[in-house]
Amino acid sequence: MDLIVISILIRLFAMAWSVYLLYKLRDWRMSFLTLLLALMASRQFFTLYDNPDSWFFAHNHADEIPGLIVSIFALVMVIAFEKIIEEQKRKEEALIKNEEKYRSLVETTDEWIWELDINGHHTYSNNAISRLLGYEPHELVGKDAFLFMHPDAIPIIKEVFEESL
């Protein structure tokens with residue numbers, strides 16, 4: 001079989017596989033790769049269309065070796081992109097699952113869990129604050145954390161807070 005035919009078949013297979021993966025994975029990187037493969041296959045087809053005598057008989061095999069290498073590389077890239085994108089999607093799903101688990105844990109615990117920004121202002125508080133201090137969580141957001149502490153404890157806690165930054 002002629003190298004040009006092998007090269008075209010490899011590119012067409014790579015393009016078909018990338019179209020399938022584009023449908024399956026729905027990722028912009030795969031659409032970019034599919035477009036590049038389509039352009040490569042179109043360029044090869046139009047090069048042959050301009051010179052139909054070179055299709056099988058008068059074609060120099062050495063001229064097609066770079067095209068064959070590019071075709072094989074394109075197929076390898078499709079397979080590599082598939083693995084990379086699938087692994088990334090698995091990691092994203094695991095991250096979302098863990099985030100949901102820990103969010104549920106934080107929201108349902110009886111302990112007060114809060115978060116402060118670098119200035120000591122509340123950025124988050126769970127629902128335990130309602131039971132413990134009578135505030136709704138949204139009422140604390142943006143408030144200085146030291147306003148809710150015993151006055152004697154403020155200097156010690158400020159010192160620890162500043163050291164932790």
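Hi everyone, this is a short tour of some side-chain contacts in a predicted model.

Let's start with the aromatic residues. A search of the whole structure turns up five aromatic pairs. In one of them, tryptophan 17 and tyrosine 20 have ring centres 5.2 Å apart and planes at 40°, so this pair is tilted. Both residues belong to helix H1, and being three residues apart there, they are separated by about one helical turn. Tryptophan 17 is partly exposed at 28% relative accessibility, and tyrosine 20 is partly exposed at 39%.

Now for another pair: tyrosine 135 and phenylalanine 148 are edge-to-face, because their planes meet at 85°, with the ring centres 5.3 Å apart. This pair links distant parts of the chain, 13 residues apart. Tyrosine 135 lies in the loop between helix H4 and helix H5, while phenylalanine 148 lies in the loop between H5 and helix H6.

Next, serine 125, which is in strand E2. Is serine 125 buried or exposed? Its relative accessibility is 6%; buried means under 20%, so serine 125 counts as buried. Its side chain makes a polar contact with the side chain of tryptophan 112, at 2.7 Å. Leaving out residues up to four places away in sequence, serine 125 touches several residues, among them Ile113, Pro137 and Leu140.

Last one: isoleucine 8, in helix H1, has its C-alpha 7.6 Å from that of glutamine 44, although 36 residues separate them in sequence. Thanks, everyone!

Technical notes
Residues are numbered from 1 along each chain as its sequence is written. This is a predicted model: local features need pLDDT of at least 70, side-chain atom pairs count only at pLDDT 80 or more; totals for chains, interfaces and linings use all residues. Side-chain values use heavy atoms; hydrogens and water are left out. Helices (H or I, at least four residues) and strands (E, at least two) are DSSP runs, numbered from the N terminus. Buried means under 20% relative accessible area, exposed over 50%, partly exposed in between (1.4 Å probe, protein chains only). A polar contact is a pair of N or O atoms within 3.5 Å; within protein, one must be able to donate a hydrogen and the other to accept it, and residues adjacent in sequence count only if both atoms are side-chain atoms. Contact means heavy atoms within 4.5 Å. Rings of Phe, Tyr and Trp (its six-membered ring) pair if their centres lie within 6.5 Å; planes under 30 degrees apart count as stacked, over 60 as edge-to-face and the rest as tilted.
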